[in-house]
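Subject: Structure handover

Hello,

Here is the structure for your files. My notes on it follow below.

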Amino acid sequence: MNLLTAENISKSYGNKTLFDKISIGINDGDKVGIVGLNGSGKSTLLKVLAGFDIPDDGKITKSNEASIGYLPQNSDFTTSNLTVLEQVFNGHSPVMNLLREYEYTLKRIRENPSDMELQNKFFDLNSKMDASNAWEIESQAKTILTKLKINDFDAKISTLSGGQKKRTALASALITPSNILMLDEPTNHLDDETIEWLEEFLNNRTDSLIMVTHDRFFLDKITNKILELDKGNIYNYIGNYSTYLEKKSERLEKQNASEKKRQNLIRKELAWIRRGAKARSTKQKARIERFETLQDKKILNDNSDLEITIQSTRLGKKVINIDNISKGFGDKILIKNFSYNILNDDRIGIIGPNGTGKSTFMNILNGDIAPDHGILDIGETVKIGYYSQQIPDMDVNQRVIQYIQDSGRYAVSKDGQKINVSLMLEKFLFDPSVQWTQLSKLSGGERRRLYLLKVLMKYPNVLLLDEPTNDLDIETLTVLEDYIEGFNGAVITVSHDRYFLDKTVDKIFSFEGNGKITEYTGNYSYFHQIEAEKKQDTAPTKKVTKKIYNRVNTEKPLKFTYNEQLEFNEIESIIEDLEYKLDEKKKEMQEASSNYELLSKLLEEKNNLETELDKKIDRWTYLTELNEKIKAAKKNR
């Protein structure tokens, strides 16, 4: 059933056309991801579809059955005197109005418990809550807030951090009764555990979903349709993010040479997904080979595409030596007695729940914060480029080109050529018509892309990236990942973007709270696998079910067949051999920690060995029990 249709809609701001006569249809059960460059109009399109903005031309038609829940990219809570729970119930549907009135009346009764008029009103509201099944929504709201790690429901919105406000707005969108849920960057300000919960929540939802997000794992696991905004046009792809990459590659293959560079990057990313991402299904060998052949084709240069060509300065052997540092604020310990010597080719990913000290650690490395104890020894050749969560010192009245010229009049490319600022801006997708635009007129993502250019213009040889994936479009992230791969220096990244971490890091620092930091060798998927194994090891041992005994007693004669006897004689040595191979495979993985392709292959081999070992142990259990039954039967004869 069609729920919403946009016909020939257009939208412009000044001289910039975001989309021109595009048409979209949203059907029941669609899970749609909107992708495109920063500034291409993704958030505006979502606002138009949600009814919070109107198109310049065209028509939006919503069926009588359609109801919309909406999460904006930036939530502006004008009613700051509301509590968290009141804000969550701040929708306009009848049940939201009822819940809001109920919470307000309950608060007044707590203040005036002897007011009989309030008591009578509260009794009447209870009856209405029963009739409209509002209790379930209230319970769901509190559950969702808890999952989003907001536990003080009575806290004033004005006292919350930016991230907490975003999560409160997300909770409000999730509990609003709707059959079209529209989310703009829902994973921003969420940690890994919460993102995985949100994935499961949205996958279990049967209603339609439209979202703007840069999180490629998120897109891959949830969507069944991708809409790409590109130069005012819209392209519709049926399937998830992996399918989108494939279909986009085919589309770009048919376009003119100006699209060649971007096509090559997309092929490279698609090849990486098929080689290394365990969560995706294995594709046919012929298909893989076809794309690898395409990847190896000679590609023509295209200066209209984003390209990072800036060189880095030479880095000596000594980078940053961290010796037994500790840091806390008040009674809260963030880092406790941590030591590590950063190497000049390190690729470190920093993960952990919000508030565990990840950004504090980055600020210590950058010299913005001093540790309470311990020593930070920085090498003489180190030149740090720090890309922080908050863009510093950006005068919104300044022009784009002036902002970059503050760092220099030209950049030096990797091959030693001087590139003037205007051309460098073009390589970062700021064409000449935009370069004299005030920063206030740029989108949030465009400002972050400009900020990234400014950081790189200082020629760092150590990159500190604090949540680089927030508000950057997927194409920029893809190019940044490619740049990091060839970067001559250390890269340390704080990120909740599992896809980005998998492609860019080979070590994980897990911030686990109370100052504890655990090191892992491998990318995010390897870390996740290790954590899953730990949970399995601590889980209660499963007992053999009675089903096996019944089958032995009733269906199988109490003797081995010839093949079973042979199998029973050999199975213990087979298990020992598999255990030995598994131990050796783990050692190989440790040694291959810096070789991602080999590490991915070894991880797959390790998983296969574990699967085979589990099967053999199950079989050994069955044969051993049968052997004991046979012995017992012989004694009873």
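**The six-stranded sheet**

Six strands make up an open sheet of mixed pairing, in the order β14-β17-β18-β12-β19-β20. Because β14 (384–387) and β20 (516–521) stand at the edges with a single partner strand each, one side of each has no neighbour in the sheet. From one strand to the next the twist averages 15 degrees. Helix α12 (residues 358–365) packs on this sheet and touches β12 (347–351), β14, β17 (462–466), β18 (490–494) and β19; the direction of α12 makes about 155 degrees with that of β17.

The terms used so far are as follows. Helices (H or I, at least four residues) and strands (E, at least two) are DSSP runs, numbered from the N terminus. Two strands pair if DSSP finds at least two bridges between them. Axes are lines fitted to C-alpha atoms, for helices over the stretch in contact, with angles from 0 to 180 degrees between N-to-C directions. Contact means heavy atoms within 4.5 Å.

As for provenance, this is a predicted model, in which local features need pLDDT of at least 70 and side-chain atom pairs count only at pLDDT 80 or more, while totals for chains, interfaces and linings use all residues. Residues are numbered from 1 along each chain as its sequence is written, and side-chain values use heavy atoms, with hydrogens and water left out.

**Strand β19 and its partners**

Strand β19 (residues 507–513) runs antiparallel to β20, with six bridges joining the two; Phe511 has Ile517 of β20 as its bridge partner. The hairpin of β19 and β20 has two residues between the strands, and Asn514 there takes a positive phi near 55 degrees. β12 and β19 run parallel and are joined by four bridges, with Gly349 partnered by Ile508 in β19. Six of the seven residues of β19 are buried (under 20% relative accessible area; exposed is over 50%, partly exposed in between; 1.4 Å probe, protein chains only).

**The N-terminal hairpin**

Strands β1 (residues 2–13) and β2 (residues 16–27) run antiparallel and are joined by eight bridges. Tyr13 stands opposite Lys16 in β2. Two residues lie between β1 and β2 in this hairpin, and Gly14 in the turn has a positive phi of about 65 degrees.

**Glu446**

Glu446 is found in helix α15 (residues 444–456) and is buried, at a relative accessible area of 8%. Its side chain reaches the backbone nitrogen of Ser443 at 2.9 Å. This is a polar contact (a pair of N or O atoms within 3.5 Å; within protein, one must be able to donate a hydrogen and the other to accept it, and residues adjacent in sequence count only if both atoms are side-chain atoms). Beyond its neighbours within four places in sequence, Glu446 is in contact with Lys16, Asn38, Gly39 and Phe430.

The 18 residues of α3 (residues 94–111) should span 26 Å at 1.5 Å a residue, and the end C-alpha atoms are 26 Å apart, which agrees. The expected span is 1.5 Å times one less than the number of residues. Buried residues of α3 include Leu98, Tyr102 and Ile109; the buried residues of this helix pack against α2 (84–88), α4 (116–132), α5 (134–147) and α6 (162–175).

In α16 (residues 474–485), 10 of the 12 residues are buried, among them Leu477, Leu480 and Tyr483. Asp473 caps the N-terminal end of α16, with a side-chain oxygen 3.2 Å from the backbone nitrogen of Glu475.

Regards
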